[in-house]
Amino acid sequence: MSSVCPSFSVRHRVVARLAVTALVSGIVAVGAIAGAGSAAADEAPQQQGGATATLGGLKTYDEAVIRKDGAEQHIPAGLFEMAVDDGGTLQTYCIDIHNPTQKDAKYQETPWSATSLNSNKQAGKIRWILQHSYPQVNDLAALAKKAGAGSLSEKTAAAGTQVAIWRYSDGAAVEAVDPQAEKLADYLEKSAENLAEPKPSLTLDPPAVSGHAGEKLGPVTVHTDADGVTVAPPVDPAVRGVKVVGKDGKPVTSAKDGSRLYFDIPKDAADGSAALTVQGSTTVPVGRAFVSETKSQTQILAGSSQSTVSATATANWAKKGAIPALSAQKNCAKGGVDITAGNEGDEAFTFELMGLKHTIEAGKSKTVTIPLQEDQAYDFTITGPNGFEKRFKGVFDCKTAGAAGGDSGEPSAAPSPASAGGTGTDGPDLAETGSSNATPMIAGIAVVLVVVGGAAVFLLRKKKNEAGE
């Protein structure tokens, strides 16, 4: 029996691997750069905070069987464990049964809107199942009595719970092999009620701000279920003098739910950028989704120890000109990634994406949706004045493989191998196409027109100075 979640070999699925470079139009970089070079050019995740964890493996499980078109496939079904960065353990169940799961993949707490749960009207029933079954209910005798299941072990309780979840997350024709586990799955499926999505463990809103030197930039509002969080100010020596303060202008080192934080930028500060980080410890709410950028199957939280959660917000400032603030979030409802661009400068900020020019007037903000195909890997960088760069990358994974328009795939007895930065599908890793984190903007850019879905045109960039060229 495999010790990882069931994996399916998906034929004819091609993950589009492209590196899109969004080049700013009509903007000349001027003035000194303080911290903008490395800090602002760093990869910007689509998540806005919470728990980050590494997938360990399937720890408590039994067997299930999928039946389709007269064929049967036996698979393990049960609980995963994840190790939380900086401390803590999570237990999760799989959603999206037909996608591979990669051991040691990195996962990030994510809103339902950025997962396949976005379009699933039964998603709230999955949360009900999680709250009313193992491991949240650890009195297995009482659980078995409610389900009319005779007796349950941890393994069969985990399998029955996973099967019930799959029926709602994927609409799968799946059954537990153990008769008592199957009775539990039937009970949970029939009893489930739609519940609201749980609140995130920790976020900062907005995740990016901008303004002039000599001002307080913000506010950045803390949203958390932790009792309190610590606030770490910028540590880059290049931005010495920048402070994180409250509304009264006094420096802060701690915050709580609803706290408003500001970047206090000295009047004589050179144009640049900085970041603040908040961190706390809490039990992550049951039902939070977790996604990976390596095309590893989406998970949903079943249990949490006291775990470390964190969130980061950035600030960009200048004395004059356009002063952009950029953030991104997957938007499954719109079929793409939302890029939110604000401009607190005194000149317009103009940039190009997918061959289209976008202008944000001074004092305004705009959200631009970059359309993507399902399973498409993306990697693009937006540049701005004074060396400003923001890189966004990930995999657009918004549907279960068995959903309408998705590839249902063919069952495979073997799990997908882990691949650092890969997706478990055919094609080179992004690192091989010249979009490594160390070099987000390469001097020589070969511009190639790529038709995506018959409509979207992207700029494909490749590394010019790779070894051997």
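## Basis of the model

Two strands pair if DSSP finds at least two bridges between them. Strands (E, at least two residues) and helices (H or I, at least four) are DSSP runs, numbered from the N terminus. This is a predicted model, in which local features need pLDDT of at least 70 and side-chain atom pairs count only at pLDDT 80 or more, while totals for chains, interfaces and linings use all residues. Residues are numbered from 1 along each chain as its sequence is written, and side-chain values use heavy atoms, with hydrogens and water left out.

Strand S20 (residues 336-343) is joined to S19 by eight bridges in the antiparallel sense. Within this pairing, Ala328 has Ile339 of S20 as its bridge partner.

S19, S20 and S23 form, in that order, an open sheet of three strands with antiparallel pairing. Its edges are strand S19 (324-331) and strand S23 (364-371), each of which pairs on one side only. On average, neighbouring strands of the sheet are turned by 20° against each other, direction ignored; the axes are lines fitted to C-alpha atoms, and angles run from 0 to 180 degrees between N-to-C directions.

## Pairings of strand S3

Strand S3 (residues 52-68) runs antiparallel to strand S6 (residues 106-110), with three bridges between them; here Thr52 is partnered by Gln108. S3 also pairs with strand S7 (residues 174-176), again antiparallel and over three bridges, and Ile66 is the bridge partner of Val174 there.

Strand S4 (residues 71-84) is joined to S3 by 14 bridges, antiparallel, with Asp62 opposite Ala77. S3 and S4 make a hairpin with two residues between them, and Asp69 in the turn has a positive phi of about 55°.

## Nonpolar cores

A nonpolar core is a set of buried Ala, Val, Leu, Ile, Met, Phe, Trp, Tyr and Cys residues joined through side-chain atoms within 4.5 Å. Buried means under 20% relative accessible area, exposed over 50%, and partly exposed in between (1.4 Å probe, protein chains only).

The largest core has 83 residues, and Tyr93, Phe263, Val278 and Trp317 have the most contacts inside it. Helix H4 (residues 154-169) supplies the largest share of this core, eight residues. Another core, of 22 residues, lies apart from it and includes Val337, Leu353, Leu372 and Phe380.
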